[in-house]
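Me: Please take a close look at one helix-to-helix packing site in this model, and at the loops around it. Then set it in the context of the rest of the chain.

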Amino acid sequence: MKVIVICSGGMDSVALAHRMAATEDLHALLSFDYGQRHAKELDFAAACARRLGVPHHIIDIAGVGAALTGSALTDDIDVPDGHYAEDTMKLTVVPNRNAIMLAIAFGMAAAQKAEAVATAVHGGDHFIYPDCRPDFIAAFQAMEDRAMDGYAQVQLLTPYVHGSKDDIATDGARYGTPFAETWSCYKGGDLHCGRCGTCIERREAFHLAGIEDPTSYADPDFWRRVAEE
């Protein structure tokens with residue numbers, strides 16, 4: 001299938017891009033500037049597209065993101081430290097973000113005659129992100145089937161939706177993903193902070209998968225202290 005991958009530049013979406021390049025007809029990478037607190041990750045998405053030899057489209061929806069207030073990713077709110085399982089990480093929810101991005105991606109896929117859109121939602125997201133859960137994925141597909149009935153048929157591919165972050169690390173390694181060329185940290189410093197939920201989850205994933213983590217962290221041991229609590 002001809003596939004468009006939604007790629008943020010993080011380890012999950014870059015691993016997915018490499019998987020799709022190896023197993024399907026990778027048509028393009030699609031990224032979004034939604035007014036996130038830093039756009040550093042988009043540089044890593046662009047590098048992934050160059051590496052895989054496909055177009056990279058960045059859609060500016062910063063005006064939409066500005067209306068989705070109350071998130072540490074779009075407002076002037078400190079990103080909380082700690083594991084995703086902690087209630088404080090709900091501050092990183094951007095309301096309806098995936099639904100908005102997927103709707104745009106499906107429209108683009110239909111216009112460009114692509115047969116599928118792939119996104120890297122995974123089981124570790126389910127706790128705090130409702131638009132990463134299997135029932136949302138099924139409902140969104142049903143909605144798009146009706147929205148484009150008679151015009152286009154586009155599938156939503158979510159190969160990681162029932163898996164864990166360490167499953168993604170394993171899968172990414174299988175398809176040669178250069179994890180050093182990915183960016184996860186919400187804080188956007190010179191190094192991954194090692195303290196925010198996505199840094200901790202990233203560090204744990206490599207540890208559980210038994211794969212060397214190539215990432216440099218400002219606080220490389222914080223994740224162990226969190227795991228012991």
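Reply: Lys165, Asp166, Ala169 and Thr170 of helix 6 are in contact with Glu201, Arg202, Ala205, Phe206, Leu208 and Ala209 of helix 7, where contact means heavy atoms within 4.5 Å. By type, the residues of this contact are 5 nonpolar, 1 polar and 4 charged. Here Ala, Val, Leu, Ile, Met, Phe, Trp, Tyr, Cys and Pro count as nonpolar, Asp, Glu, Lys and Arg as charged, and the others, Gly among them, as polar. The model is predicted, so local features need pLDDT of at least 70 and side-chain atom pairs count only at pLDDT 80 or more, while totals for chains, interfaces and linings use all residues. Residues are numbered from 1 along each chain as its sequence is written, and side-chain values use heavy atoms, with hydrogens and water left out.

Helix 6 covers residues 165-174 and helix 7 covers residues 197-209; they pack at an angle of about 65 degrees with their axes 8 Å apart. The axes are lines fitted to C-alpha atoms, for helices over the stretch in contact, and the angle runs from 0 to 180 degrees between N-to-C directions. Helices (H or I, at least four residues) and strands (E, at least two) are DSSP runs, numbered from the N terminus.

The loop between helix 6 and helix 7 holds threonine 182. Threonine 182 counts as buried because its relative accessible area is 1%; buried means under 20%, exposed over 50%, and partly exposed in between (1.4 Å probe, protein chains only). Leaving aside residues up to four places away in sequence, threonine 182 touches Gly9, Gly10, Met11, Val14, Phe44, His192 and Arg202. With arginine 202, the threonine 182 side chain makes a side-chain polar contact of 3.0 Å. A polar contact is a pair of N or O atoms within 3.5 Å; within protein, one must be able to donate a hydrogen and the other to accept it, and residues adjacent in sequence count only if both atoms are side-chain atoms.

Glutamate 181 is in that loop between helix 6 and helix 7, but it is partly exposed, at 39% relative accessible area. Its contacts, not counting residues up to four places away in sequence, are Phe44 and Arg51.

Threonine 215 sits in the loop between helix 7 and helix 8 (222-228) and is buried at 14% relative accessibility. Its side chain has another polar contact, of 2.6 Å, with the side chain of aspartate 213. Not counting residues up to four places away in sequence, threonine 215 touches His192, Arg202 and Phe206. Further along, arginine 224 belongs to helix 8 and is partly exposed at 40%; its C-alpha atom is separated by 9.3 Å from that of arginine 203, 21 residues apart along the chain.

Met11 and Val14, both touched by threonine 182, are among the buried residues of helix 1, as are Asp12, Ser13, Ala15, Leu16, Ala17, His18 and Met20. Helix 1 (residues 11-23) has 13 residues and should span 18 Å at 1.5 Å a residue, which agrees with the 18 Å between its end C-alpha atoms. The expected span is 1.5 Å times one less than the number of residues.

As for the rest of the chain, the protein has 8 helices and 5 strands, in the order β-α-β-α-β-α-α-β-α-β-α-α-α from the N terminus. Of its 229 residues, 51% are buried. Among contacts with a separation of 6 or more, 69% join residues 24 or more positions apart. The buried residues of helix 4 (residues 97-111) pack against strand 1 (2-6), strand 2 (25-33), strand 3 (56-60), strand 4 (116-118), helix 5 (134-147) and strand 5 (155-157).
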